[in-house]
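This briefing sets out selected features of one protein structure, grouped by topic. Please consult the sequence and the coordinates alongside the text.

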Amino acid sequence: MHGKSIGWDDTIVALATAQGIGAIGVIRLSGRQAIDIVNRLFPSKDLTQQPSHTLHVGYLKENGKVLDEVVISLFKGPKSYTGEDVIEISGHGSPYVLQEIIQSCVNQGARLAKPGEYTQRAFLNGKLDLAQAEAVADLIASNTEASRKTALHNIRGGFSERLKDLRERLIKFSALIELELDFSQEDVEFADRTQLYELLTEVQQTTQQLAASFQLGNVIKNGVSVAIIGKPNAGKSTLLNALLNENRAIVSDIAGTTRDTIEEVLNIDGILFRLIDTAGIREHTHDVIESIGMEKALAKMQQADVVIYLFDVNEVSKDELQSTVNEFNNKKLKYVLVGNKADASSEADRRNKFNSIPGIIFISAKENLHTEVLKEKLVDLVLQGKVTTDDTIITNARHFHALQEVLQSLIDTRNGLDSNIPSDLVSLDIRRCLHYLGEITGEITTEDQLDYIFSKFCIGK
């Protein structure tokens with residue numbers, strides 16, 4: 001169905017702006033009867049005679065009762081967001097008034113829209129493919145510059161263009177396979193078999209690059225959890241405050257003031273870091289991991305994407321720190337070693353004391369010394385030189401899993417060529433590639449899949 005203009009007999013209506021009191025609220029209608037329905041409520045002007053992409057000011061009335069003074073935005077299909085006739089009513093932001101207008105539209109024959117139904121109709125009418133449609137939801141949910149930029153890139157077709165290129169290459173590859181099938185009764189081989197391997201390698205590399213970007217995409221979309229752990233009074237709460245530039249956590253000279261976990265969100269270079277200040281390590285032992293006194297601290301540390309181990313450079317010995325590092329490495333944790341209270345000793349003394357343990361960042365949380373270095377380290381640890389947000393980045397788990405299937409199909413295709421299996425079997429592997437690419441863009445999908453995907457959208461979009 002995708003790509004063809006589809007008409008529904010029903011017309012949908014919903015509030016397109018957020019719930020609650022505001023200066024204005026926008027109500028959106030889409031469908032064959034959208035203009036007629038609103039026209040019956042808008043005596044100021046005959047909307048059916050007005051050109052597309054025009055604004056009209058007047059009163060909405062039902063049975064002689066004035067509902068509101070509004071601005072009507074008129075978009076005639078197919079040049080609209082959904083591809084259908086669309087009316088947007090901008091009224092005053094009273095929840096009561098807006099609900100009255102929506103109810104009047106329902107009384108005139110509209111029905112309440114389901115979550116994501118406007119974007120679903122846009123997809124089904126070929127206004128955007130499924131990958132672009134899902135990027136709409138990502139853009140609405142974006143809360144950093146990086147997530148906004150990535151979603152906007154995909155809405156504008158950045159990801160879809162890469163998939164289109166892959167698909168065209170595979171179709172070209174498939175055509176050469178089919179050509180061999182046409183000459184199966186004769187002793188005819190591909191004109192240039194080396195070219196097929198080169199094409200397969202290029203497609204495979206592009207697919208691997210896209211799939212690999214999901215690790216960064218997941219970070220951009222969902223953020224990174226960072227557990228700050230250390231002994232009581234190592235300065236965890238002070239560090240949290242320094243990073244956030246506010247007095248969020250309770251800070252005291254009494255060891256172990258923080259009795260639970262505190263969570264805050266920090267935006268560094270467009271990536272959200274969820275900082276978790278855990279309760280301190282209470283027992284005095286060299287085996288730091290096993291000596292965390294509170295179960296929540298241990299659980300948060302194991303669930304975290306990154307662990308900041310904060311220690312007092314004046315109290316922790318080199319052997320004790322090395323023991324901690326060994327435990328972190330054994331548990332395969334991603335961690336940063338941060339030596340706090342560095343203002344109380346010289347750099348030469350610190351370097352000499354911990355000379356066998358690389359990568360320590362020395363700071364003073366109290367004096368806000370070198371905390372910017374720590375922020376840079378956190379970003380580097382997460383990105384690890386990966387692609388930037390200017391590239392196509394996969395943020396959707398559904399797309400990632402489909403690309404993995406594409407990749408496996410490409411590997412099977414190559415193995416088939418290496419083993420000289422019949423061309424019709426090689427052709428099946430290529431069709432499998434094309435199938436999973438089609439699942440991403442929506443060229444191959446089921447009604448149940450669409451309902452599930454668009455049910456995640458907000459109503460009105």
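In this predicted model, the buried residues of helix α13 are T371, L374, K375, L378, V379, L381 and V382. Because they cover an arc of only 160 degrees around the axis, these residues lie on the same side of α13.

**Helix α13**
- The helix runs over residues 371-383 and has 13 residues.
- From its first C-alpha to its last, α13 reaches 19 Å, which is close to the 18 Å expected at 1.5 Å a residue.
- Exposed residues E376 and D380 are carried on the face of α13 turned away from its buried side.

**Residue S104**
- S104 is placed in helix α2, which comprises residues 95-107.
- With a relative accessible area of 1%, S104 is buried, because buried means under 20%.
- When neighbours within four places in sequence are left aside, S104 is in contact with L41, E62 and L67.

**The protein as a whole**
- The protein contains 16 helices and twelve strands.
- Of its 461 residues, 47% count as buried.
- The accessible surface of the protein amounts to about 22600 Å², and 49% of this belongs to carbon and sulfur atoms.
- Considering contacts between residues at least 6 apart in sequence, 66% join residues at least 24 apart.

Definitions and conventions:
Residues numbered from 1 in each chain as written. Predicted model: local features only at pLDDT ≥ 70, side-chain atom pairs only at ≥ 80, totals over all residues. Heavy atoms only, no water. Helix = DSSP H or I, 4+ residues; strand = E, 2+ residues; numbered from the N terminus. Buried < 20%, exposed > 50% of the residue type's maximum accessible area, 1.4 Å probe, protein only. Contact = heavy atoms within 4.5 Å. Areas by Shrake-Rupley, 256 points an atom, 1.4 Å probe, with all protein chains shown as cover. Expected span 1.5 Å × (residues − 1). Arc of directions from axis to C-beta.
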